[in-house]
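Try each task before you read its solution.

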Amino acid sequence: AKSLYMTKCFARFSKFRRFGVSSENVTCDYPFLKGIKTAFIRQHSDTAFVAAHCEMIPIEWVCRRIATGSFLKRCPGVKEGYRFTPLKVETFFKDDANNDPQWSEEQLIEANFCLGGLKIGRCEVDIMTRTTMAIFEILERAWETQDCTLVDMKIEFGVNKMTKEIILADVIDNDSWRLWPSGDRSQQKDKQVYRDLKEVTPEAMQMVKKNFEWVAERVQLLLESKNPGRVVVLMGSTSDIAHGEKIKKACVGYGIRCAVRVTSAHKGPDETMRIKAEYEGDGVPTVFIAVAGRSNGLGPVLAGNTAFPVINCPPVSPDWGAQDIWSSLRMPSGLGCTTVLSPEAAAQFAAQIFGLNNHLVWAKLKASMLNTWVALKVADQKLQECSL
């Protein structure tokens, strides 16, 4: 009866759960999860969305940073608050009659599930494990901006029946996680508050309602970046525009503003310093990327006159590249600029710098790394199948 009452109460609070209509809705509306493959297609209304047709994998994936709840009952001797580094991932078979028993990785593989036309084997289990951890870390980093600890989280996956891909096909909301403001369990804001009630009273339900409101308000704040930054690409010549535009495109992919300018430290050092001062003077965190071939004076001059990070990304020519590159690599003492040849890698390096203090940029980096890892995993599996 208590469980039924809890379900009804949570249904009443649906307007406070809109922040988690679906995992991909978060991907669509919340930049910190962009890049994670999920079932969401488009929003239909305030309380409904259109999703890809998936066959659900009957496994709950639980990711834990802090030991609490059922883990303590299953693992006597572990104190509440024990911190898992790396994250602890557990799997539970969805079987209500047997209270969703915990399964080992071996049990999951030996179950030989075939869902949506995809056999679930070692590769698929590894992908779900890695994806679970990436999603947790992205959400954890986002909640840290609100001085709130993401303690643990539950998600489920499905197989897209059209693409045969494993995708996140679950609702992520206040029923999916434990949240402890300031890392303090006594301030918990998730549904555990209801579970811990000794008696369901109107006053108690008001407290639960306030907790859900608190979470809904804070989730909106997760969309904001307190440290917006930008990349300024300085090119020594208009002949370098194609190279500079590649850097800009990659920066935009990480959600980073990018300006492209033309200036020569050799031919117009005073103008180079003026442009530098223009971007130093408005208080916006900035990374300079110097694009200059032949003798690269642009990067070293910038690095010697600004405390902002400077990245050399010279457009190396096939004729003189082996000689020209030394003007970017061998710096005078006291200069700290680095050198990256690939435009995309230069943008990624800038994103990693901003990601130290910007959870939105960091999340895109994390999603990109996950997708690269999954692509390699799938490619290897296909190669092995062809070999067999």
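Buried means under 20% relative accessible area, exposed means over 50%, and partly exposed lies in between, using a 1.4 Å probe and protein chains only. This is a predicted model, where local features need pLDDT of at least 70, side-chain atom pairs count only at pLDDT 80 or more, and totals for chains, interfaces and linings use all residues. Residues are numbered from 1 along each chain as its sequence is written, and side-chain values use heavy atoms, with hydrogens and water left out.

**Exercise 1.** Work out whether A347 is buried or exposed, and find what A347 touches.

*Solution.* 
- Start with the helix: A347 is found in helix 13 (residues 343-355); helices are DSSP runs of H or I, at least four residues, numbered from the N terminus.
- Next, check the surface: the relative accessible area of A347 is 0%, so A347 is buried.
- Then list contacts (heavy atoms within 4.5 Å): leaving out residues up to four places away in sequence, A347 touches I247, A250, C251 and Y254.
- Finally, take C258, 89 residues from A347 along the chain: their C-alpha atoms are separated by 9.7 Å.

**Exercise 2.** Find which residues touch the most other members of the largest nonpolar core.

*Solution.* 
- A nonpolar core is a set of buried Ala, Val, Leu, Ile, Met, Phe, Trp, Tyr and Cys residues joined through side-chain atoms within 4.5 Å.
- The largest one has 44 residues, and I57, I120, W143 and W177 touch the most other members.
- Helix 5 (residues 122-144) gives this core its largest share, eleven residues.
- A separate second core has 22 residues, including V287 and A346.

Technical notes: Helices (H or I, at least four residues) and strands (E, at least two) are DSSP runs, numbered from the N terminus.
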